[in-house]
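Here are my notes on the model, for your review. Please read them alongside the sequence and coordinates.

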Amino acid sequence: MRKKGAYTYLFFNNSKYTIIFTIILNTKDMKRSVQILVMLMACVAVVSCSSKDKTIANLKAAIDGEVTAVVTYNAYADQAAKDSLNKVEAMFRATSKAESVHLNSHLKALKELEDADYKPNIKMVECSSTMENLQEAINGETTEFATMYPKFLADAKAEGAEGAVATFNYALDAEMQHAKIYAETLSKLTTGVAIDGMYYVCPICGYVYVGVPESTCKLCKCAAGKFIVYNSEIPTSDSYTGASPKTE
């Protein structure tokens, strides 16, 4: 704040814009001028704190990534089928479904912050051999859980976007599990060890379970009876399991 004659200028700056308030000070009404100044400063603070621009941009970036992953993993599943690797096909069908769960969750969170419908941008899908596709999948998932989602999560917490915090949390933990599944599958293919052929997808958070699932999802507590099954014997299956989960 700096004085010049009968005027006082208050400058408020942030990364997006500059707001300039001009308060006319009158020695006969100094108390009223100060009250106006305080109210204006409070309004600026509210506007600054309520902005969720970073979270909105991050949700759109995450949506683009998830819709691309859905398409990519289905393409990888097709390649695995061509390579006569039915169990790997089932795995990629399951993770593709999981990414669609994240996609829908992100879209819902975005809708809470922005009325306009967002049309996702799908990146070009490159498909190679199944071994190469697995490595690419590992790389992509590792970037997401190690770098992308932690940043998005921090921004959402800072901006008080609770819906985004929830969906980013689920995605971060689920992507870490996806990377683990891909790494184990690649290792088994390389060493000739038998690969699992049953995968269960939580329809709420997108976590993927290999083999017999827990009684409830470890992330969101969804009942195992609602998990979606992908069986290497029927790789395109997309139905509720009805399977008997683990019991303590």
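Which residues have the most contacts inside the largest nonpolar core?

1. They are Y73, M91, F92, Y182, Y199 and V201, in a core of 23 residues. A nonpolar core is a set of buried Ala, Val, Leu, Ile, Met, Phe, Trp, Tyr and Cys residues joined through side-chain atoms within 4.5 Å; buried means under 20% relative accessible area (1.4 Å probe, protein chains only).

2. This is a predicted model: local features need pLDDT of at least 70, side-chain atom pairs count only at pLDDT 80 or more, and totals for chains, interfaces and linings use all residues. Residues are numbered from 1 along each chain as its sequence is written, and side-chain values use heavy atoms, with hydrogens and water left out.

3. V201 touches A94, K97, A98, G206, Y207, V208, F227, I228 and Y230, leaving aside residues up to four places away in sequence. Contact here means heavy atoms within 4.5 Å. I228, in β6, is also the bridge partner of V201.

4. Strand β4 (residues 198–201) pairs with β6 in the antiparallel sense over four bridges; pairing requires at least two DSSP bridges. Strands are DSSP runs of E, at least two residues, and helices runs of H or I, at least four, numbered from the N terminus.

5. Strand β6 (residues 228–231) is covered on both faces: I228 and Y230 are buried on one side, V229 and N231 on the other. In a regular strand, side chains alternate between the two faces of the sheet.

6. Helix α2 (residues 53–82) has 30 residues and should span 44 Å at 1.5 Å a residue, which agrees with the 44 Å between its end C-alpha atoms. The expected span is 1.5 Å times one less than the number of residues. Just after α2, S84 has a positive phi of about 60 degrees.

How values were computed
Buried < 20%, exposed > 50% of the residue type's maximum accessible area, 1.4 Å probe, protein only.
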